[in-house]
Amino acid sequence: MNQLYGLILAGGSSTRMGQDKAFLSYQGIPQLQAAYEAMAPLVEKCFVSVRPDQTADPLRARFPRIEDRGELRGPAAGILAAHEAYPDRAFLVVACDLPFLDETTLKTLIAERDDRHIAVACRSEHDGLPEPLCTIWEPEALDELVRQVERGQIGLRKLLADKEIRLLEPRTAGALDNINTPQEREAAQKRIGGTMIQVTVEYFAQMREIAGHRTEVISTVSTSAEPLYEELRDLHGFPFDASRLRVAINGDFALWTQPLKDGDQIVFIPPVTGG
């Protein structure tokens, strides 16, 4: 069997969600980090698929990356860029927006590889078709994808449905549910546990320059200012430790441990420079 590498697709524009899905936190860490930590121990090497304009992103920059190439966009672009970089490797490909993806599902896919099938995929619980964004693509399948794209066809599911693949029934219900909208995120958070709240955050001085705006509305499961700040630090790449900042909640200076509630107005105040 060819060596197995991992590829996490994180190059989408998150248009329907309204904010970058890679940064969303369902269990205390960004979803991209959660996906990487789940996959990396199971494969020889693990990469994050990104668009060229995402390479400087502070979260994505933490991980080994493979950039999309050419004008092709979407999941096929990321998968083909990985195949071009490592043409003799199989890739376990997953989307970064699968908060219920579990170790059992990933290990089952790996265990079911054989030399008779060009891919191993799970059957979608919603329509019974192969789920291409949680699939092991062998080099032969990726070569076929290259030929398909050259013919002007980029449908990943059609390729898998038409070829000889190992198609598995899901071992864990809901493991492949992807989360694309704020409504789906709220429902997913209820399934996982924790309450989603919406707060308005205001930045000053250098923090405003780095964030690119003075205020933003954030949906979060953080229960106090400290984990919220770490979430925003991942998002914007703020250079300050929380210990160097002051925080105000609804117009009053507050402790970092003060509980947050829906509708709070939060201000992070960076250290003053100069004399």
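Visitor: Leaving aside neighbours within four places in sequence, which residues is I79 in contact with?

Guide: Contact means heavy atoms within 4.5 Å. On that basis I79 touches L7, L9, V93, W137, L142, L145 and L156. Before going on, note that this is a predicted model, where local features need pLDDT of at least 70, side-chain atom pairs count only at pLDDT 80 or more, and totals for chains, interfaces and linings use all residues. Residues are numbered from 1 along each chain as its sequence is written, and side-chain values use heavy atoms, with hydrogens and water left out.

Visitor: How do I read a nonpolar core, and which members of the largest one touch the most others?

Guide: A nonpolar core is a set of buried Ala, Val, Leu, Ile, Met, Phe, Trp, Tyr and Cys residues joined through side-chain atoms within 4.5 Å. Buried is under 20% relative accessible area, exposed over 50%, partly exposed in between (1.4 Å probe, protein chains only). Here the largest core has 53 residues, and L7, I8, L32, I79, L92 and W137 touch the most other members. Strand β4 (residues 90-95) gives the most to it, six residues. There's also a separate second core of 22 residues, with I197, V201, A211 and A254 among them.

Visitor: What about strands: which ones does β5 pair with?

Guide: Strands (E, at least two residues) are DSSP runs, numbered from the N terminus, and two of them pair if DSSP finds at least two bridges between them. β5 (residues 119-123) runs antiparallel to β6 (residues 130-137) over four bridges, with V120 bridging to I136. With β7 (residues 166-168), β5 pairs in the parallel sense over three bridges, and C122 has L168 as its partner.

Visitor: Is β5 mostly covered or uncovered?

Guide: Mostly covered: four of its five residues are buried.
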